[in-house]
Amino acid sequence: MTVVADTSALVSLGCGTEASPVELLTDEYSVVVPETVVVELEEVAAYDDEQARAARRVLDATDGLTVENVSLDADFPLDDGENAAVALANERDASMLLCDEFNKIGLVHASLDDVTLVTTPKFLLVLESKGRLSPSEVETALDRIGEIRSWSGNSYVERVRNRL
């Protein structure tokens, strides 16, 4: 099963603690990312904060990722990483697009051909349903990621918490 991931989702997964969700992602799926996403991860990693450390953890795990070039739709109103991830997911007929663009998630969803859109909170719930993470590990990951990524009050996160 092929998963295409965008920068924001990979940084979120890189915020994990003991059980790295990035490693769980690459263990469970064939993960493909646009080269634009790798460039964005390198840009984020250049800072000196928790998100930068998360981006570096993802870059350290790129052996488990396939990196591909894709043409961007210049008229697509998302940043280049999300634009490239949507284009690659459609081009590769991926099973899932892992994306945390919560502010424009409807646009991302409407732009996908036959690809399931999954946010990081939902992906953590999938890992829990597969027995790869316990409910308490998902809670811990949501707390950690939420603190670093400013997810306070995020309805997607709260929906996942309610399902644990």
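Residues are called buried when their relative accessible area is under 20%. The legends below describe close-up views of a predicted model.

**View A. The buried face of helix α4.** Helix α4 spans residues 50–60. Five positions are named here: Ala-52, Ala-54, Ala-55, Val-58 and Leu-59 are buried in this helix. Because these residues cover an arc of only 160 degrees around the axis, they lie on the same side of α4. The partners of the buried residues of α4 are the helices α1, α2 (21–28) and α3 (35–45), against which they pack.

**View B. The packing of helix α3 against helix α4.** The axes of α3 and α4 cross at roughly 140 degrees and come within 7 Å. Angles over 145 degrees count as roughly antiparallel and those from 65 to 115 as roughly perpendicular, so α3 is oblique to α4. The crossing of the two helices, α3 and α4, is left-handed. Helix α3 contributes Val-38, Leu-41, Glu-42, Val-44 and Ala-45 to the contact, while α4 contributes Gln-51, Ala-52, Ala-55, Arg-56, Val-58 and Leu-59. The residues of this contact between α3 and α4 comprise eight nonpolar, one polar and two charged. Among the α4 residues in this contact, Ala-52, Ala-55, Val-58 and Leu-59 are buried.

**View C. The packing of helix α1 against helix α7.** Helix α1 (residues 7–14) packs with helix α7 (residues 120–129) at an angle of about 55 degrees, and their axes are 10 Å apart. This angle makes α1 oblique to α7. The crossing of α1 and α7 is right-handed. On the α1 side, the contact is formed by Ala-9, Ser-12 and Leu-13; on the α7 side, it is formed by Thr-120, Phe-123 and Leu-124. In the contact of α1 with α7, four residues are nonpolar, two are polar and none is charged.

**View D. The surroundings of Ser-95.** Ser-95 lies in the loop between α5 (80–91) and β4 (96–98). Its relative accessible area is 29%, and Ser-95 is accordingly partly exposed. Apart from its neighbours within four places in sequence, Ser-95 is in contact with Met-1, Thr-2, Val-115 and Thr-116. The distance from Ser-95 to Gly-64 is 17 Å, C-alpha to C-alpha, and the two residues are 31 residues apart in sequence.

How values were computed. Residues numbered from 1 in each chain as written. Predicted model: local features only at pLDDT ≥ 70, side-chain atom pairs only at ≥ 80, totals over all residues. Heavy atoms only, no water. Axes fitted to C-alpha atoms, helices over the stretch in contact; angles between N-to-C directions. Helix = DSSP H or I, 4+ residues; strand = E, 2+ residues; numbered from the N terminus. Parallel < 35°, antiparallel > 145°, perpendicular 65-115°, else oblique. Left-handed = near helix turned anticlockwise from the far one by under 90°. Contact = heavy atoms within 4.5 Å. Nonpolar A, V, L, I, M, F, W, Y, C, P; charged D, E, K, R; others polar. Buried < 20%, exposed > 50% of the residue type's maximum accessible area, 1.4 Å probe, protein only. Arc of directions from axis to C-beta.
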